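Please look at the sequence and the 3D model together while reading.

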Amino acid sequence: MEIWKDVMNFPGYQISSEGRVKSLERKVRCGDGRLQPCKGKMLSLQTKTGRKGKLVYFRRGVTSYQRSVHILMKTHFGVENWQQRT
């Protein structure tokens, strides 16, 4: 059974016990001050040349943050090698 937990320091995002990451449904402020609904979605996991693990990108305001999925898994679930479990 897949368990979802909120990602620390990134409100509006969750990570699952299977290593999947999603954004939650939320409202974002437009340039003219209105609030616009934004649907939640599964985030794609990225790979970079020369790196072993998967990466995910979070946005907070206008800034983008890159995080390793295996470190998020270790932090939130205590799982070391989540890719080997599947």
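Three aromatic pairs are found in this predicted structure. Rings of Phe, Tyr and Trp (its six-membered ring) count as a pair if their centres lie within 6.5 Å; planes under 30 degrees apart are called stacked, those over 60 edge-to-face, and the rest tilted. One of the pairs joins F10 and Y65: the ring centres are 5.4 Å apart and the planes stand at 65°, so this pair is edge-to-face. F10 belongs to the loop between strand 1 (4-6) and strand 2 (13-16), whereas Y65 belongs to strand 7, so the pair ties together parts that are 55 residues apart in sequence. Here strands (E, at least two residues) and helices (H or I, at least four) are DSSP runs, numbered from the N terminus. F10 has a relative accessibility of 3% and counts as buried, while Y65, at 24%, is partly exposed.

Through ring pairs, F10, Y13, F58 and Y65 are linked into a cluster.

Residues are numbered from 1 along each chain as its sequence is written, and side-chain values use heavy atoms, with hydrogens and water left out. Because the model is predicted, local features need pLDDT of at least 70 and side-chain atom pairs count only at pLDDT 80 or more, whereas totals for chains, interfaces and linings use all residues.

Which residue lies over the face of Y65? It is R60, at 4.7 Å from the ring centre. A charge is said to sit over a ring if NZ of Lys or CZ of Arg is within 6 Å of the ring centre and within 35 degrees of the ring normal.

The strands come next. Strand 6 and strand 7 pair in the antiparallel sense over six bridges; two strands count as paired if DSSP finds at least two bridges between them. They form a hairpin with two residues between them, and G61 in the turn has a positive phi of about 70°. S68 lies in strand 7 (residues 63-68) and is the bridge partner of L55. With a relative accessibility of 12%, S68 counts as buried. Leaving aside residues up to four places away in sequence, S68 touches R51, K54 and L55, where contact means heavy atoms within 4.5 Å.

Strand 4 (residues 26-29) and strand 5 (residues 35-38) also pair in the antiparallel sense, over four bridges. Within this pairing, V28 stands opposite Q36 in strand 5. The hairpin of strand 4 and strand 5 has five residues between the strands, and G33 there takes a positive phi near 95°.

Most residues other than glycine have a negative phi. Where does N9 lie? N9 is in the loop between strand 1 and strand 2, and its phi is near 70°, a positive value in a residue other than glycine. N9 is exposed, with a relative accessible area of 60%.

In helix 1 (residues 69-77), the buried residues are V69, L72, M73 and H76. They cover an arc of only 100° around the axis, which puts them on the same side of helix 1; the arc is that of the directions from the helix axis to the C-beta atoms. These buried residues pack against strand 1, strand 2, strand 6 and strand 7. Just after helix 1, G78 takes a positive phi of about 70°.

Finally, the cysteines may be considered. A search of the whole structure finds zero disulfides, a disulfide being a pair of cysteine sulfur atoms within 2.5 Å. C30 is in no disulfide, and the nearest cysteine sulfur, that of C38, is 10.0 Å away. C30 is partly exposed at 22% relative accessibility, and C38 is partly exposed at 25%.

Terms used. Buried means under 20% relative accessible area, exposed over 50%, partly exposed in between (1.4 Å probe, protein chains only).
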